[in-house]
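Reader: Hey, I'm new to this one. Could you walk me through it?

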Amino acid sequence: MLDKRKFYINGEWVDPIEAKDLEVLNPATEQPIAVISMGAAADIDRAVAAAKKAFASYSQTSVEERLALLEKLLSIYKRRYDEMAATITMELGAPARMAREQQADVGVGHLQGFIDALKRLKTRDRLPNGDVMLREPIGVCGLITPWNWPINQIALKVVPALATGCTCVLKPSEFTPLNAMLYAEMIDEAGFPAGVFNLVNGDGINAGAALSKHRDVDMMSFTGSTRAGIAVSKDAAETVKRVTLELGGKSPNIVFADADLEERVTGSILECFNNSGQSCDAPTRMLVERGVYDNVVQIARRVGAETRVGDPTKEGSHIGPLVSHIQYGRVQALIEAGIAEGAKLLVGGVGKPEGFETGYFVKPTIFADVDNTMRIAREEVFGPVLAIIPFGTEEEAIRIANDTNYGLAAYVQTGDPKRAERVAARLRAGMVHINGGPHRYGSPFGGYKQSGNGREGGLFGLEDFLEVKTVHVPDAA
(Lines give C-alpha, C1' and ligand atoms only; values in the text may rest on other atoms or scores of the structure.)
Protein backbone atom coordinates (compact mmCIF):
# COMPACT_ATOMS: atom_id res chain seq x y z
CA MET A 1 0.00 0.00 0.00
CA LEU A 2 1.31 3.43 -0.94
CA ASP A 3 2.16 5.88 1.82
CA LYS A 4 0.94 9.29 0.58
CA ARG A 5 0.43 11.08 3.88
CA LYS A 6 2.37 14.24 3.02
CA PHE A 7 1.07 17.49 1.55
CA TYR A 8 2.83 19.62 -1.06
CA ILE A 9 3.28 23.09 0.46
CA ASN A 10 5.77 25.82 -0.43
CA GLY A 11 7.69 23.57 -2.82
CA GLU A 12 8.16 20.70 -0.34
CA TRP A 13 6.39 17.50 0.71
CA VAL A 14 5.53 18.09 4.37
CA ASP A 15 3.78 16.20 7.14
CA PRO A 16 0.29 17.30 8.20
CA ILE A 17 0.13 19.42 11.33
CA GLU A 18 -2.17 16.85 12.95
CA ALA A 19 -2.08 13.30 11.58
CA LYS A 20 -5.42 11.84 10.49
CA ASP A 21 -5.21 8.91 8.07
CA LEU A 22 -7.64 7.79 5.37
CA GLU A 23 -7.33 4.67 3.26
CA VAL A 24 -7.88 5.08 -0.48
CA LEU A 25 -9.75 2.10 -1.93
CA ASN A 26 -9.66 0.50 -5.36
CA PRO A 27 -13.37 0.55 -6.30
CA ALA A 28 -13.07 -2.64 -8.36
CA THR A 29 -11.64 -4.70 -5.50
CA GLU A 30 -12.73 -2.70 -2.42
CA GLN A 31 -9.16 -3.11 -1.16
CA PRO A 32 -6.95 -0.26 0.13
CA ILE A 33 -4.26 0.93 -2.27
CA ALA A 34 -2.89 3.93 -0.40
CA VAL A 35 -3.12 5.89 2.81
CA ILE A 36 -3.37 9.69 2.77
CA SER A 37 -3.67 12.38 5.42
CA MET A 38 -6.84 14.39 5.89
CA GLY A 39 -5.97 18.04 6.21
CA ALA A 40 -7.49 20.48 8.67
CA ALA A 41 -7.81 24.27 8.86
CA ALA A 42 -4.24 24.60 10.12
CA ASP A 43 -2.89 22.83 7.03
CA ILE A 44 -4.96 25.10 4.82
CA ASP A 45 -3.61 28.14 6.69
CA ARG A 46 -0.05 27.01 6.01
CA ALA A 47 -0.73 26.40 2.32
CA VAL A 48 -2.55 29.72 1.83
CA ALA A 49 0.27 31.58 3.56
CA ALA A 50 2.77 30.02 1.14
CA ALA A 51 0.59 30.95 -1.83
CA LYS A 52 0.13 34.50 -0.59
CA LYS A 53 3.86 35.00 -0.14
CA ALA A 54 4.63 33.53 -3.57
CA PHE A 55 2.03 35.73 -5.29
CA ALA A 56 4.06 38.89 -4.67
CA SER A 57 6.77 37.77 -7.09
CA TYR A 58 5.00 35.23 -9.30
CA SER A 59 2.30 37.73 -10.28
CA GLN A 60 5.03 39.91 -11.76
CA THR A 61 6.45 37.23 -14.06
CA SER A 62 6.09 37.73 -17.78
CA VAL A 63 3.79 35.75 -20.05
CA GLU A 64 6.91 34.36 -21.73
CA GLU A 65 8.28 33.06 -18.42
CA ARG A 66 4.99 31.35 -17.60
CA LEU A 67 4.69 29.89 -21.07
CA ALA A 68 8.12 28.30 -20.69
CA LEU A 69 7.06 26.68 -17.41
CA LEU A 70 3.82 25.40 -18.94
CA GLU A 71 5.65 23.97 -21.94
CA LYS A 72 7.98 22.12 -19.60
CA LEU A 73 5.01 20.80 -17.60
CA LEU A 74 3.46 19.56 -20.85
CA SER A 75 6.65 17.70 -21.75
CA ILE A 76 6.81 16.07 -18.31
CA TYR A 77 3.14 15.08 -18.43
CA LYS A 78 3.60 13.40 -21.81
CA ARG A 79 6.59 11.47 -20.46
CA ARG A 80 4.59 10.25 -17.44
CA TYR A 81 1.34 9.83 -19.39
CA ASP A 82 0.99 6.07 -18.92
CA GLU A 83 1.67 6.45 -15.21
CA MET A 84 -1.21 8.92 -14.97
CA ALA A 85 -3.58 6.64 -16.86
CA ALA A 86 -2.70 3.66 -14.65
CA THR A 87 -3.20 5.74 -11.50
CA ILE A 88 -6.69 6.80 -12.59
CA THR A 89 -7.62 3.20 -13.41
CA MET A 90 -6.46 2.12 -9.95
CA GLU A 91 -8.25 4.74 -7.85
CA LEU A 92 -11.31 5.59 -9.98
CA GLY A 93 -11.95 2.27 -11.71
CA ALA A 94 -11.85 3.77 -15.19
CA PRO A 95 -11.17 0.94 -17.67
CA ALA A 96 -7.62 0.89 -19.03
CA ARG A 97 -8.48 1.96 -22.57
CA MET A 98 -10.85 4.68 -21.42
CA ALA A 99 -8.31 5.95 -18.86
CA ARG A 100 -5.60 6.06 -21.50
CA GLU A 101 -7.64 7.55 -24.37
CA GLN A 102 -9.88 9.92 -22.40
CA GLN A 103 -9.09 10.42 -18.72
CA ALA A 104 -5.35 10.97 -19.13
CA ASP A 105 -5.63 12.70 -22.49
CA VAL A 106 -7.37 15.74 -21.01
CA GLY A 107 -4.16 16.58 -19.17
CA VAL A 108 -2.48 17.12 -22.53
CA GLY A 109 -5.42 18.67 -24.38
CA HIS A 110 -6.40 21.27 -21.79
CA LEU A 111 -2.80 22.24 -21.09
CA GLN A 112 -2.13 22.79 -24.78
CA GLY A 113 -5.42 24.68 -25.08
CA PHE A 114 -4.39 27.06 -22.29
CA ILE A 115 -0.92 27.53 -23.77
CA ASP A 116 -2.52 28.53 -27.08
CA ALA A 117 -4.99 30.82 -25.32
CA LEU A 118 -2.27 32.50 -23.23
CA LYS A 119 -0.40 33.36 -26.42
CA ARG A 120 -3.55 35.15 -27.65
CA LEU A 121 -4.43 36.85 -24.37
CA LYS A 122 -4.20 40.65 -24.39
CA THR A 123 -3.14 41.79 -20.92
CA ARG A 124 -3.08 45.44 -21.98
CA ASP A 125 -5.64 47.03 -24.27
CA ARG A 126 -6.48 50.58 -25.36
CA LEU A 127 -10.23 51.20 -25.17
CA PRO A 128 -12.04 53.21 -27.89
CA ASN A 129 -12.39 56.10 -25.43
CA GLY A 130 -8.63 56.24 -24.93
CA ASP A 131 -8.42 54.64 -21.49
CA VAL A 132 -6.15 51.68 -20.87
CA MET A 133 -7.54 48.35 -19.68
CA LEU A 134 -5.27 45.86 -17.90
CA ARG A 135 -5.90 42.21 -17.09
CA GLU A 136 -4.11 41.15 -13.92
CA PRO A 137 -3.98 37.92 -11.88
CA ILE A 138 -6.72 37.84 -9.26
CA GLY A 139 -4.52 36.52 -6.44
CA VAL A 140 -4.55 33.37 -4.31
CA CYS A 141 -6.98 30.80 -5.69
CA GLY A 142 -8.64 27.95 -3.81
CA LEU A 143 -9.34 25.01 -6.10
CA ILE A 144 -11.61 22.09 -5.16
CA THR A 145 -11.88 19.25 -7.65
CA PRO A 146 -14.07 16.11 -7.91
CA TRP A 147 -13.32 12.42 -8.37
CA ASN A 148 -15.17 11.61 -11.60
CA TRP A 149 -12.83 13.27 -14.15
CA PRO A 150 -10.01 14.14 -11.76
CA ILE A 151 -7.21 15.36 -14.04
CA ASN A 152 -9.75 17.06 -16.31
CA GLN A 153 -10.85 19.36 -13.51
CA ILE A 154 -7.38 19.75 -12.04
CA ALA A 155 -6.04 20.89 -15.42
CA LEU A 156 -9.02 23.21 -15.94
CA LYS A 157 -8.27 24.98 -12.66
CA VAL A 158 -4.57 24.65 -11.85
CA VAL A 159 -3.30 25.45 -15.35
CA PRO A 160 -5.19 28.74 -15.86
CA ALA A 161 -4.20 29.84 -12.35
CA LEU A 162 -0.52 29.22 -13.11
CA ALA A 163 -0.86 30.65 -16.62
CA THR A 164 -2.30 33.98 -15.50
CA GLY A 165 0.19 34.60 -12.67
CA CYS A 166 -2.01 33.47 -9.80
CA THR A 167 -0.94 31.15 -7.00
CA CYS A 168 -3.15 28.36 -5.73
CA VAL A 169 -4.08 25.74 -3.17
CA LEU A 170 -5.61 22.56 -4.56
CA LYS A 171 -7.87 20.26 -2.54
CA PRO A 172 -8.62 17.23 -4.70
CA SER A 173 -11.28 14.65 -3.91
CA GLU A 174 -10.26 12.34 -1.07
CA PHE A 175 -11.62 9.43 -3.16
CA THR A 176 -9.11 10.01 -5.99
CA PRO A 177 -6.13 11.92 -4.54
CA LEU A 178 -3.28 9.95 -6.12
CA ASN A 179 -3.50 11.49 -9.60
CA ALA A 180 -3.43 14.96 -8.02
CA MET A 181 -0.29 14.07 -6.06
CA LEU A 182 1.30 12.75 -9.24
CA TYR A 183 0.43 16.05 -10.93
CA ALA A 184 2.08 17.89 -8.03
CA GLU A 185 5.26 15.93 -8.70
CA MET A 186 5.15 17.08 -12.31
CA ILE A 187 4.64 20.72 -11.33
CA ASP A 188 7.57 20.47 -8.94
CA GLU A 189 9.77 18.94 -11.64
CA ALA A 190 8.76 21.67 -14.10
CA GLY A 191 10.33 24.24 -11.79
CA PHE A 192 7.41 26.43 -10.72
CA PRO A 193 8.56 28.61 -7.81
CA ALA A 194 7.92 27.45 -4.26
CA GLY A 195 4.46 28.38 -3.00
CA VAL A 196 2.94 28.96 -6.43
CA PHE A 197 1.16 25.59 -6.32
CA ASN A 198 0.18 23.84 -3.09
CA LEU A 199 -1.81 20.66 -2.40
CA VAL A 200 -3.69 19.66 0.74
CA ASN A 201 -5.81 16.51 0.87
CA GLY A 202 -8.97 16.38 2.93
CA ASP A 203 -12.74 16.39 2.88
CA GLY A 204 -15.12 19.19 2.03
CA ILE A 205 -16.47 19.77 5.51
CA ASN A 206 -13.05 20.51 7.01
CA ALA A 207 -10.35 21.31 4.44
CA GLY A 208 -12.73 22.49 1.74
CA ALA A 209 -14.69 24.80 4.03
CA ALA A 210 -11.49 26.23 5.54
CA LEU A 211 -10.28 27.06 2.04
CA SER A 212 -13.59 28.63 0.96
CA LYS A 213 -13.81 30.78 4.09
CA HIS A 214 -10.17 31.85 4.16
CA ARG A 215 -9.70 35.63 4.15
CA ASP A 216 -6.46 35.44 2.17
CA VAL A 217 -8.05 33.45 -0.68
CA ASP A 218 -9.19 35.78 -3.44
CA MET A 219 -11.07 33.29 -5.60
CA MET A 220 -12.69 29.86 -5.26
CA SER A 221 -13.12 27.51 -8.20
CA PHE A 222 -15.22 24.45 -7.41
CA THR A 223 -16.47 21.47 -9.38
CA GLY A 224 -18.86 18.97 -7.81
CA SER A 225 -22.47 18.57 -6.80
CA THR A 226 -24.87 21.50 -6.77
CA ARG A 227 -25.42 20.93 -3.05
CA ALA A 228 -21.71 21.26 -2.32
CA GLY A 229 -21.40 24.22 -4.68
CA ILE A 230 -24.03 26.07 -2.68
CA ALA A 231 -22.03 25.37 0.49
CA VAL A 232 -18.85 26.74 -1.10
CA SER A 233 -20.71 29.89 -2.20
CA LYS A 234 -22.07 30.46 1.30
CA ASP A 235 -18.67 29.93 2.89
CA ALA A 236 -17.06 32.35 0.42
CA ALA A 237 -19.74 35.03 0.73
CA GLU A 238 -18.44 36.51 3.98
CA THR A 239 -15.22 37.63 2.31
CA VAL A 240 -16.91 38.53 -1.01
CA LYS A 241 -14.42 36.53 -3.04
CA ARG A 242 -15.03 35.48 -6.62
CA VAL A 243 -16.60 32.04 -6.94
CA THR A 244 -16.82 29.98 -10.12
CA LEU A 245 -18.82 26.76 -10.09
CA GLU A 246 -19.20 23.78 -12.40
CA LEU A 247 -21.97 21.68 -10.91
CA GLY A 248 -24.53 19.01 -11.72
CA GLY A 249 -26.49 18.24 -14.84
CA LYS A 250 -29.50 16.38 -16.16
CA SER A 251 -28.83 16.84 -19.83
CA PRO A 252 -31.64 16.35 -22.37
CA ASN A 253 -30.93 14.48 -25.59
CA ILE A 254 -33.62 15.23 -28.18
CA VAL A 255 -33.99 12.54 -30.84
CA PHE A 256 -36.12 13.62 -33.81
CA ALA A 257 -37.64 11.16 -36.26
CA ASP A 258 -35.36 12.29 -39.09
CA ALA A 259 -32.16 11.41 -37.20
CA ASP A 260 -30.01 8.43 -38.14
CA LEU A 261 -31.56 6.39 -35.34
CA GLU A 262 -29.23 3.41 -35.37
CA GLU A 263 -26.12 5.56 -35.25
CA ARG A 264 -27.28 8.37 -32.99
CA VAL A 265 -29.27 6.34 -30.45
CA THR A 266 -26.44 3.84 -30.12
CA GLY A 267 -23.86 6.61 -29.79
CA SER A 268 -25.98 8.47 -27.26
CA ILE A 269 -26.40 5.44 -25.00
CA LEU A 270 -22.69 4.68 -25.09
CA GLU A 271 -21.99 8.30 -24.19
CA CYS A 272 -24.47 8.14 -21.32
CA PHE A 273 -22.75 5.02 -19.97
CA ASN A 274 -19.20 6.29 -20.56
CA ASN A 275 -17.16 6.59 -17.34
CA SER A 276 -19.84 4.37 -15.75
CA GLY A 277 -22.28 7.28 -16.13
CA GLN A 278 -20.23 9.45 -13.78
CA SER A 279 -20.16 12.57 -15.96
CA CYS A 280 -21.97 15.79 -15.15
CA ASP A 281 -22.73 16.46 -18.83
CA ALA A 282 -23.89 12.94 -19.72
CA PRO A 283 -27.02 12.72 -21.96
CA THR A 284 -29.15 11.04 -19.30
CA ARG A 285 -32.63 12.11 -20.50
CA MET A 286 -33.39 10.82 -24.01
CA LEU A 287 -36.40 12.64 -25.43
CA VAL A 288 -37.78 10.70 -28.42
CA GLU A 289 -40.33 11.76 -31.06
CA ARG A 290 -43.38 9.52 -30.77
CA GLY A 291 -43.36 8.47 -34.43
CA VAL A 292 -40.10 6.54 -33.89
CA TYR A 293 -40.43 5.87 -30.17
CA ASP A 294 -40.96 2.11 -30.41
CA ASN A 295 -38.02 1.76 -32.79
CA VAL A 296 -35.75 3.74 -30.46
CA VAL A 297 -36.84 1.64 -27.47
CA GLN A 298 -35.87 -1.53 -29.37
CA ILE A 299 -32.44 -0.10 -30.22
CA ALA A 300 -31.95 1.03 -26.64
CA ARG A 301 -32.87 -2.38 -25.24
CA ARG A 302 -30.36 -4.07 -27.54
CA VAL A 303 -27.51 -1.62 -26.88
CA GLY A 304 -28.14 -1.72 -23.15
CA ALA A 305 -28.09 -5.52 -23.12
CA GLU A 306 -24.85 -5.54 -25.11
CA THR A 307 -23.09 -3.14 -22.71
CA ARG A 308 -20.68 -5.02 -20.49
CA VAL A 309 -19.02 -4.28 -17.18
CA GLY A 310 -15.56 -5.61 -16.53
CA ASP A 311 -12.23 -5.51 -14.77
CA PRO A 312 -10.82 -1.97 -15.21
CA THR A 313 -7.31 -3.29 -15.68
CA LYS A 314 -8.34 -5.31 -18.74
CA GLU A 315 -8.37 -3.88 -22.26
CA GLY A 316 -11.76 -3.46 -23.91
CA SER A 317 -14.80 -1.24 -24.30
CA HIS A 318 -16.52 -2.34 -21.08
CA ILE A 319 -17.44 0.01 -18.25
CA GLY A 320 -15.99 -0.18 -14.76
CA PRO A 321 -17.34 0.26 -11.24
CA LEU A 322 -18.63 3.37 -9.52
CA VAL A 323 -16.10 5.18 -7.37
CA SER A 324 -17.33 4.24 -3.89
CA HIS A 325 -19.90 2.44 -1.78
CA ILE A 326 -21.53 5.83 -1.16
CA GLN A 327 -22.04 6.42 -4.87
CA TYR A 328 -23.18 2.83 -5.36
CA GLY A 329 -25.88 3.29 -2.72
CA ARG A 330 -27.12 6.53 -4.27
CA VAL A 331 -27.45 4.97 -7.71
CA GLN A 332 -29.21 1.88 -6.35
CA ALA A 333 -31.72 4.08 -4.52
CA LEU A 334 -32.57 5.97 -7.71
CA ILE A 335 -32.96 2.77 -9.75
CA GLU A 336 -35.37 1.54 -7.08
CA ALA A 337 -37.24 4.86 -7.28
CA GLY A 338 -37.60 4.53 -11.07
CA ILE A 339 -39.17 1.09 -10.66
CA ALA A 340 -41.43 2.25 -7.81
CA GLU A 341 -42.68 5.25 -9.79
CA GLY A 342 -43.75 3.08 -12.71
CA ALA A 343 -41.07 3.58 -15.35
CA LYS A 344 -40.62 0.60 -17.69
CA LEU A 345 -37.34 -1.20 -17.00
CA LEU A 346 -35.80 -2.24 -20.33
CA VAL A 347 -32.46 -3.59 -19.09
CA GLY A 348 -30.47 -3.63 -15.87
CA GLY A 349 -32.04 -2.88 -12.53
CA VAL A 350 -31.02 -3.14 -8.89
CA GLY A 351 -28.07 -5.14 -7.65
CA LYS A 352 -24.69 -6.00 -9.10
CA PRO A 353 -24.02 -7.69 -12.45
CA GLU A 354 -23.51 -11.43 -12.28
CA GLY A 355 -19.93 -12.32 -11.46
CA PHE A 356 -19.13 -8.90 -9.95
CA GLU A 357 -20.21 -9.33 -6.36
CA THR A 358 -17.01 -7.61 -5.20
CA GLY A 359 -16.53 -3.99 -6.28
CA TYR A 360 -18.98 -1.15 -6.78
CA PHE A 361 -20.30 -2.40 -10.11
CA VAL A 362 -23.77 -1.42 -11.35
CA LYS A 363 -25.92 -2.99 -14.03
CA PRO A 364 -26.22 -0.69 -17.09
CA THR A 365 -29.86 0.37 -16.73
CA ILE A 366 -32.38 1.86 -19.15
CA PHE A 367 -35.90 3.01 -18.32
CA ALA A 368 -38.58 3.74 -20.95
CA ASP A 369 -41.96 5.47 -20.61
CA VAL A 370 -40.47 7.94 -18.16
CA ASP A 371 -42.40 11.04 -17.15
CA ASN A 372 -40.33 14.16 -16.61
CA THR A 373 -41.71 14.51 -13.07
CA MET A 374 -40.13 11.21 -11.93
CA ARG A 375 -37.04 11.29 -9.72
CA ILE A 376 -34.93 9.54 -12.38
CA ALA A 377 -35.80 12.45 -14.71
CA ARG A 378 -35.27 15.20 -12.14
CA GLU A 379 -32.23 14.09 -10.12
CA GLU A 380 -28.68 13.54 -11.26
CA VAL A 381 -28.16 9.78 -10.93
CA PHE A 382 -24.40 9.82 -11.72
CA GLY A 383 -24.37 6.19 -12.75
CA PRO A 384 -25.06 4.18 -15.94
CA VAL A 385 -28.79 4.92 -15.95
CA LEU A 386 -30.77 6.32 -18.90
CA ALA A 387 -34.35 7.65 -18.87
CA ILE A 388 -36.32 7.65 -22.16
CA ILE A 389 -39.18 10.16 -22.46
CA PRO A 390 -41.60 10.47 -25.44
CA PHE A 391 -42.61 13.79 -27.02
CA GLY A 392 -45.00 14.84 -29.78
CA THR A 393 -43.87 18.16 -31.23
CA GLU A 394 -40.70 20.22 -31.44
CA GLU A 395 -42.25 22.71 -29.05
CA GLU A 396 -43.01 19.98 -26.52
CA ALA A 397 -39.46 18.62 -26.80
CA ILE A 398 -37.99 22.03 -26.02
CA ARG A 399 -40.37 22.48 -23.08
CA ILE A 400 -39.44 19.10 -21.56
CA ALA A 401 -35.74 19.66 -22.22
CA ASN A 402 -35.77 22.99 -20.39
CA ASP A 403 -37.94 21.68 -17.54
CA THR A 404 -35.01 21.03 -15.21
CA ASN A 405 -33.09 22.89 -12.52
CA TYR A 406 -29.90 22.19 -14.45
CA GLY A 407 -28.47 23.60 -17.67
CA LEU A 408 -25.02 22.18 -18.27
CA ALA A 409 -25.35 20.41 -21.62
CA ALA A 410 -27.97 19.40 -24.17
CA TYR A 411 -27.93 17.15 -27.23
CA VAL A 412 -29.88 17.28 -30.51
CA GLN A 413 -30.14 14.44 -33.03
CA THR A 414 -31.70 15.41 -36.36
CA GLY A 415 -31.09 15.23 -40.08
CA ASP A 416 -32.26 18.83 -40.54
CA PRO A 417 -29.44 21.38 -39.97
CA LYS A 418 -31.89 24.30 -39.74
CA ARG A 419 -33.92 22.53 -37.08
CA ALA A 420 -30.72 21.71 -35.19
CA GLU A 421 -29.73 25.38 -34.99
CA ARG A 422 -33.29 26.50 -34.25
CA VAL A 423 -33.67 24.08 -31.35
CA ALA A 424 -30.15 24.67 -30.03
CA ALA A 425 -30.88 28.39 -29.79
CA ARG A 426 -33.82 27.73 -27.48
CA LEU A 427 -32.22 25.22 -25.13
CA ARG A 428 -31.21 26.65 -21.77
CA ALA A 429 -27.81 24.99 -21.57
CA GLY A 430 -24.21 26.10 -21.69
CA MET A 431 -23.27 23.55 -24.35
CA VAL A 432 -25.32 21.94 -27.13
CA HIS A 433 -23.99 18.91 -29.03
CA ILE A 434 -25.53 18.31 -32.44
CA ASN A 435 -25.41 14.80 -33.94
CA GLY A 436 -22.51 13.70 -31.79
CA GLY A 437 -20.44 16.87 -32.06
CA PRO A 438 -17.71 16.52 -29.39
CA HIS A 439 -16.48 19.05 -26.86
CA ARG A 440 -13.17 20.38 -28.17
CA TYR A 441 -10.19 21.62 -26.16
CA GLY A 442 -10.16 25.39 -25.89
CA SER A 443 -13.94 25.83 -26.06
CA PRO A 444 -15.75 27.16 -22.97
CA PHE A 445 -17.22 24.50 -20.65
CA GLY A 446 -19.95 25.42 -18.18
CA GLY A 447 -23.67 25.73 -17.68
CA TYR A 448 -26.81 27.73 -16.97
CA LYS A 449 -29.03 27.73 -13.88
CA GLN A 450 -28.00 25.35 -11.07
CA SER A 451 -25.24 23.87 -13.22
CA GLY A 452 -23.00 26.71 -12.11
CA ASN A 453 -21.40 29.94 -13.28
CA GLY A 454 -18.22 30.85 -15.07
CA ARG A 455 -16.62 28.97 -17.95
CA GLU A 456 -13.60 26.68 -18.03
CA GLY A 457 -11.18 26.03 -20.87
CA GLY A 458 -9.28 28.20 -23.34
CA LEU A 459 -9.47 31.98 -23.26
CA PHE A 460 -12.68 32.01 -21.19
CA GLY A 461 -11.00 29.83 -18.59
CA LEU A 462 -8.11 32.29 -18.29
CA GLU A 463 -10.44 35.25 -17.84
CA ASP A 464 -12.03 33.69 -14.75
CA PHE A 465 -8.63 34.07 -13.02
CA LEU A 466 -8.08 37.69 -14.07
CA GLU A 467 -9.13 41.03 -12.64
CA VAL A 468 -9.82 43.97 -14.94
CA LYS A 469 -8.22 47.31 -14.13
CA THR A 470 -8.97 50.55 -15.96
CA VAL A 471 -6.25 53.20 -16.12
CA HIS A 472 -7.73 56.62 -16.84
CA VAL A 473 -4.99 58.55 -18.60
CA PRO A 474 -5.02 62.36 -18.90
CA ASP A 475 -4.69 62.36 -22.69
CA ALA A 476 -7.55 59.93 -23.38
CA ALA A 477 -9.35 62.34 -25.66
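Author: Here is a short chat about the structure shown above. It is a predicted model, where local features need pLDDT of at least 70 and side-chain atom pairs count only at pLDDT 80 or more, while totals for chains, interfaces and linings use all residues. Residues are numbered from 1 along each chain as its sequence is written, and side-chain values use heavy atoms, with hydrogens and water left out.

Reader: Is Glu-246 buried or exposed?

Author: Glu-246 counts as buried, because its relative accessibility is 2%. Buried means under 20% relative accessible area, exposed over 50%, and partly exposed in between (1.4 Å probe, protein chains only).

Reader: Switching topic: what's the volume of the second largest pocket?

Author: About 370 Å³. It has 18 lining residues, and the closest to its centre are Leu-270, Asn-274, Ser-317, His-318 and Ile-319. On a 1 Å grid over the protein atoms alone, a pocket is an open set of points where a 1.4 Å probe fits, with protein on both sides within 12 Å along at least five of seven lines; lining residues have an atom within 4 Å of a point. The volume is the space filled by probe spheres set on the points, which are joined across faces, edges and corners.

Reader: Which helices supply at least two residues of that lining?

Author: Helix H4 (96–103), helix H10 (261–273) and helix H11 (293–306) each do. H4 gives the largest share, four residues.

Reader: How many of the lining residues are nonpolar, polar or charged?

Author: Six are nonpolar, eight polar and four charged. Here Ala, Val, Leu, Ile, Met, Phe, Trp, Tyr, Cys and Pro count as nonpolar, Asp, Glu, Lys and Arg as charged, and the others, Gly among them, as polar.

Reader: Back to H11. Which of its residues are buried?

Author: Tyr-293, Val-296, Val-297, Ile-299, Ala-300, Val-303 and Gly-304. They cover an arc of only 165 degrees around the axis, so they sit on the same side of H11. That arc is taken from the directions from the helix axis to the C-beta atoms. The face turned away from the buried side carries the exposed residues Asp-294, Gln-298 and Glu-306.

Reader: What's up with phi at Glu-30?

Author: Phi of Glu-30 is near 65 degrees, a positive value in a residue other than glycine. Most residues other than glycine have a negative phi. Glu-30 lies in the loop between strand E4 (21–26) and strand E5 (31–37), and counts as partly exposed because its relative accessibility is 30%.

Reader: And where is Phe-382?

Author: Phe-382 is in the loop between helix H13 (375–378) and strand E17 (385–391). Its phi is positive too, near 60 degrees, and Phe-382 is buried, with a relative accessible area of 15%.
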